[in-house]
Amino acid sequence: MFGEMKIFSGTSHPELARGIASHIGLPLGKVKITRFSNENIKVKIEENVREADVFVVQSSCPPVSDSLLELLIMIDALKFASAARITAVLPYFPYARSDKKDEARISITARLVADLLETAGADRVLTMTLHAPQILGFFRKPADQLLATPILTQYFKNKDLSNTVVVATDAGAAKFAGHFAKRLSVPMAIIDKRRFDDSEKAQSVALIGDVTGKDAIIYDDEIATGGSIKEASRILREFGAKTVCVGVTHPVFSGSAIETLSAAGLDELVVTDSIPVSDEKRKAMPFLRVLSTSGMFGDAVLRIHGGRSISEMMD
Ligand code: R5P
C-alpha cells in the first residue's frame, strides 16, 4: 500500500483537476509553475510529498508540446522530492494520432511520449479513449485506459431511442461505436471515410447500414478540424437521416472547427471535458453540450490508490 494520496494539476486543465480532487474530497497539491525570462519552465512542489501516492493531471491541449514538457518537469520534480508513486493522468493523450509508421521516415511520436513519461519518472499512466487501443502497448509501466462510452451512454439513454441508429465515422471507429450501440440497444451503421492526401481533409464516400428516417448519433473518438463530422452529417442527410447528433470524447476543435461544425447542420454535439472548452466556443456553438469526466477520473484515481479494478468501472 502506498502513502497519502495527493493530486497535482499542470496548467493545461486546472478545472478538470479541481473537479477530480473535489470528487475525491482533497484539495489540489501546492505547486508553483513559472517561466524564466528565457522561456524555460520552472516547477516547484510547495508541499511535502515524501512517500506519497501522487497523481498529476495534465491534458493535451494548446500549447501541446509546452504542456507535455511541463508535465515531464513536474514528474521529475515529484520523483526527486521522494514521492513513492507517480501516476500521470492524461485525459487526452499527447500525440495520440502519431501511433503508426504509415509513411517512410516518420516518428511514432505517441511511443516516444510513452518513453518520455517513463524516463521522467511516471510509474503509471491513466488516460481516456485512446485514438487506437494498441497505444497502451507502448508503455513498459502499467497504463489504464478509461472509455467515455458510459458517460455518453448515460446522457443519450435519457432520450427517446426508439428510432435511433449509431453511426461510426469510419471503419476505425466501428469497434467502439459498436460497443456504444450495444449499450444503447440500437443498431449501427458505418461510413466509408477516405483521406486522399495528408491535408487532414476527409471525404465520406459510402454508407453501410440503414439510416433512412432515423435519428442518427455519430460516434467518434475526437473532433479535430470537424471535417469528418461535417462529411458524416452530409452523407447521413443524403441517405435520409431525420436528425443528426454527435457523441465524441475529445473536443480538440482545431483550425476552423467552430465554423465547420456550425455549418454541419447538427441537432446536438455532445463531447466530454477531457480538453477544456472555452466559454467563447460554447457560445459560438449553442448545439454543444459538454459532459464532465471528473467523476470517472476521480473514481479511477480512488481505485488505483486502493488497488481495485478499473475495468469493472467500464461495465
Ligand atoms: C480519425 O481517425 C479520428 O478518429 C477522427 O475521426 C479524426 O481525428 C477527426 O478529425 P477531423 O475532425 O479533423 O476530421
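Predicted model: local features only at pLDDT ≥ 70, side-chain atom pairs only at ≥ 80, totals over all residues.
Visitor: Which atoms of Gly226 and Ser228 come up against ligand oxygen?

Guide: For Gly226 it's a backbone N or O atom, 2.8 Å from an oxygen atom of the ligand. Ser228 uses a polar side-chain atom, at 2.5 Å.

Visitor: How much of the ligand does the protein bury?

Guide: Taken alone, the ligand exposes 380 Å², and 92% of that is buried by the protein.

Visitor: Which element gives the most to the shell around the ligand?

Guide: Strand 11, with 4 residues. Strand 9 (188-195) and helix 6 (227-238) also give two or more. In all, 14 residues surround the ligand, and they divide into 2 nonpolar, 5 polar and 7 charged.

Visitor: What are the two domains, and how many residues of each are in contact?

Guide: The domain assignment gives domain 1 (5-147 + 294-314) and domain 2 (149-291). Between them, 18 residues of domain 1 are in contact with 17 of domain 2.

Visitor: Why is an area quoted for an interface?

Guide: Because interface size is often given as the accessible area lost when the parts come together. Here about 1500 Å² is buried between domain 1 and domain 2, with carbon and sulfur atoms giving 56%. On the domain 1 side, Tyr92, Arg97 and Leu147 lose the most area, together 33% of what that side buries.

How values were computed. Residues numbered from 1 in each chain as written. Heavy atoms only, no water. Near = heavy atom within 4 Å. Polar contact = N/O pair within 3.5 Å; in protein donor to acceptor, adjacent residues only side chain to side chain. Areas by Shrake-Rupley, 256 points an atom, 1.4 Å probe, with all protein chains shown as cover. Nonpolar A, V, L, I, M, F, W, Y, C, P; charged D, E, K, R; others polar. Domains from an automatic or database assignment. Contact = heavy atoms within 4.5 Å. Buried area = accessible area lost by both parts, 1.4 Å probe.
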